[in-house]
Amino acid sequence: MYAVGTEVVMVDEISFPHQITTATNKPLNLLGHGITDIEIHFLQIKFTAIGAYLDPEILSHLQKWKGKPGTSLAEDDDFFEAVISAPVEKFLRVVVIKEIKGSQYGVQLENSVRDRLAAEDKYEEEEEEALEKVVEFFQSKYFKKDSVITYHFPATSATAEIAFSTEGKDDSKIKVENANVVEMIKKWYLGGTRGVSPTTITSIANTLSAELSK
């Protein structure tokens, strides 16, 4: 991934370029951003900042929602189903704000993906194996502040490439080829009212609402 142009959006002091290109050389636009956080005794603890990049072609798959305000799109899980299933390239950039062990992040991902698969009766041996590999990938990592996790979902295949980079170490990558696991990873971040980051969902809804009404 590399940035196109110099315009950036700041999310909690972390900069996200307005536009990026991946290996496919297609520019993807930052269509939503937000954070994951938790509140403990009225204290907000922020874990990660998120940027969601999508091929602008996605708008042609969402015409049914033209003219709807962002507030109603944010509550509309069918809309986010359409966002997830649209055959366009998607890229998530997740930047660590509060350092944690990779294993902690891996367990959160595992629980969410497994629960979603089980709810739809799709959690079989193949899914378990594919998910285990992802958890193992994160197991040995340490998420220092400003480490970056990226998820790249190509337009035409139901795969995902997950990459992790942290200061002073080479990037490491893993490819996920189980379509059901890939779908639920997308839903973890982009799953409407059940997404892990409500601020990101609201931001995507508002941006797409504005884009659709142009």
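User: Is Thr166 buried or exposed, and what is its relative accessible area?

Analyst: In this predicted model, Thr166 is placed in the loop that runs between β11 (160–165) and β12 (172–176). A residue counts as buried under 20% relative accessible area. Thr166 is therefore buried, its relative accessible area being 13%.

User: How far apart in space are Val181 and Glu127, C-alpha to C-alpha?

Analyst: Val181 belongs to helix α5 (residues 179–190), and it is buried because its relative accessible area of 0% falls under the 20% limit. Leaving aside neighbours within four places in sequence, the residues in contact with Val181 are Val113, Leu117, Glu127, Ala130, Leu131 and Val176. Although Val181 and Glu127 are 54 residues apart in sequence, their C-alpha to C-alpha distance is 6.2 Å.

User: What kind of aromatic pair do Trp65 and Phe79 form?

Analyst: The structure holds 12 aromatic pairs, and in the one formed by Trp65 and Phe79 the centres are 5.3 Å apart, with 75° between the planes. This pair links distant parts of the chain, since Trp65 is in the loop between β6 (43–54) and α1 (70–74) while Phe79 is in helix α2 (residues 77–85), 14 residues apart. Trp65 is buried at a relative accessible area of 7%, and Phe79 is buried at 0%. Planes over 60 degrees apart count as edge-to-face, so the pair of Trp65 and Phe79 is edge-to-face.

User: What is the angle between the planes of Tyr151 and Phe153?

Analyst: Tyr151 and Phe153 are both buried, and both belong to one aromatic cluster that also includes Tyr105, Phe137 and Trp188. Their rings form a stacked pair, 6.4 Å centre to centre, and the angle between the planes is 10°.

User: Which residue has its charged end over the ring of Phe137?

Analyst: Phe137 is one of the residues in the aromatic cluster that contains Tyr151 and Phe153. Elsewhere in the chain, Arg93 lies over the face of Phe16, at 4.9 Å from the ring centre. For Phe137, the charged end sitting over the ring, 4.4 Å from its centre, is that of Lys141.

Definitions and conventions:
Residues are numbered from 1 along each chain as its sequence is written. This is a predicted model: local features need pLDDT of at least 70, side-chain atom pairs count only at pLDDT 80 or more; totals for chains, interfaces and linings use all residues. Side-chain values use heavy atoms; hydrogens and water are left out. Helices (H or I, at least four residues) and strands (E, at least two) are DSSP runs, numbered from the N terminus. Buried means under 20% relative accessible area, exposed over 50%, partly exposed in between (1.4 Å probe, protein chains only). Contact means heavy atoms within 4.5 Å. Rings of Phe, Tyr and Trp (its six-membered ring) pair if their centres lie within 6.5 Å; planes under 30 degrees apart count as stacked, over 60 as edge-to-face and the rest as tilted. A charge sits over a ring if NZ of Lys or CZ of Arg is within 6 Å of the ring centre and within 35 degrees of the ring normal.
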